[in-house]
Amino acid sequence: MNDLISAMLPLIPRYLAAMLVTLEVSVIAAMLGMAGGFLLNALRLRFPRALGLPYRLYVWLIRGTPYLSQLMIVYFGLPALGITLDAVDATVVSLAVYAAAYFAEIFRAGWNSVARGQREAAQAFGIGRWAVFRAIECPQALAFALPLLANQVILVIKESAVASIITVPELTMTASDIVSSTYTYVLPYALLIAGYWLLTQSVAMIARRALRFIPFLR
């Protein structure tokens with residue numbers, strides 16, 4: 001046991017630094033993806049005929065292809081167009097675009113959960129479209145979508161492991177570097193699992209606490 005602890009202690013600072021990188025990349029990408037997904041769904045609702053087909057094509061393409069291929073296009077393909085991103089920026093951009101398709105579908109499901117009769121009743125009383133969107137649809141849709149949003153954020157955190165392929169110094173790459181230099185496998189990957197577990201459980205805990213403040217789910 002003492003040997004295990006003595007072997008683990010020198011690795012902890014490297015893993016903490018890698019966790020910060022993973023957290024930074026994942027949170028920024030998730031927030032951008034969530035904002036993008038919300039905007040896509042709002043535009044789809046506002047212009048259903050004009051944007052219905054482009055919306056479906058975007059979601060179909062992004063969700064139907066591996067994230068790794070999308071990351072490769074952003075990191076290695078954009079320089080051919082004169083746009084060069086470093087590894088971290090390429091990961092954030094590609095992961096945000098990838099996540100936005102999933103978040104958009106979550107928001108779509110959330111809005112579909114709101115009874116149509118409520119919108120019709122509000123319009124019958126002369127309540128404006130924006131007021132209906134803000135005061136009636138948003139609270140209920142977000143209450144429905146919150147667990148799904150949290151789950152998607154967790155998936156974004158786990159998908160960020162793919163960034164190790166383009167040398168982003170996050171958790172997976174750090175574990176691989178330690179394995180290649182020490183030729184030990186169990187401890188580095190055990191710490192890797194622990195790092196991702198702590199990050200994902202933190203998101204789940206925040207989501208559970210947030211649900212308490214949503215009256216529609218009490």
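Let me start with Ser176, which is partly exposed at a relative accessible area of 32%. Keep in mind that this is a predicted model. Ser176 sits in helix α8, residues 171-182. In sequence, Ser176 is twelve residues from Ser164, and their C-alpha atoms are 8.9 Å apart in space.

Next, Gln70. Gln70 belongs to helix α4, which covers residues 67-77. Is Gln70 buried or exposed? Its relative accessibility is 10%, and the cut-off for buried is under 20%, so Gln70 counts as buried. Leaving aside residues up to four places away in sequence, Gln70 touches Ile62, Thr65, Ser94 and Tyr98.

Now the aromatic rings. How many aromatic pairs does the structure hold? There are six. One of them is a tilted pair, Tyr67 with Tyr98, at 5.2 Å centre to centre and with 50° between the planes. Tyr67 and Tyr98 are both buried.

For Phe107 and Trp111, the ring centres are 6.5 Å apart and the planes stand at 70°, so this pair is edge-to-face. Phe107 and Trp111 are both in helix α5, four residues apart, which is about one turn of the helix. Both of these residues, Phe107 and Trp111, are buried. Together with Phe38, Phe107 and Trp111 form one aromatic cluster.

Last item, a charge and a ring. Arg44 lies over the face of Tyr55, 5.6 Å from the ring centre.

Notes. Residues numbered from 1 in each chain as written. Predicted model: local features only at pLDDT ≥ 70, side-chain atom pairs only at ≥ 80, totals over all residues. Heavy atoms only, no water. Helix = DSSP H or I, 4+ residues; strand = E, 2+ residues; numbered from the N terminus. Buried < 20%, exposed > 50% of the residue type's maximum accessible area, 1.4 Å probe, protein only. Contact = heavy atoms within 4.5 Å. Phe/Tyr/Trp six-rings, centres within 6.5 Å; stacked < 30°, edge-to-face > 60°. Lys NZ or Arg CZ within 6 Å of the ring centre and 35° of its normal.
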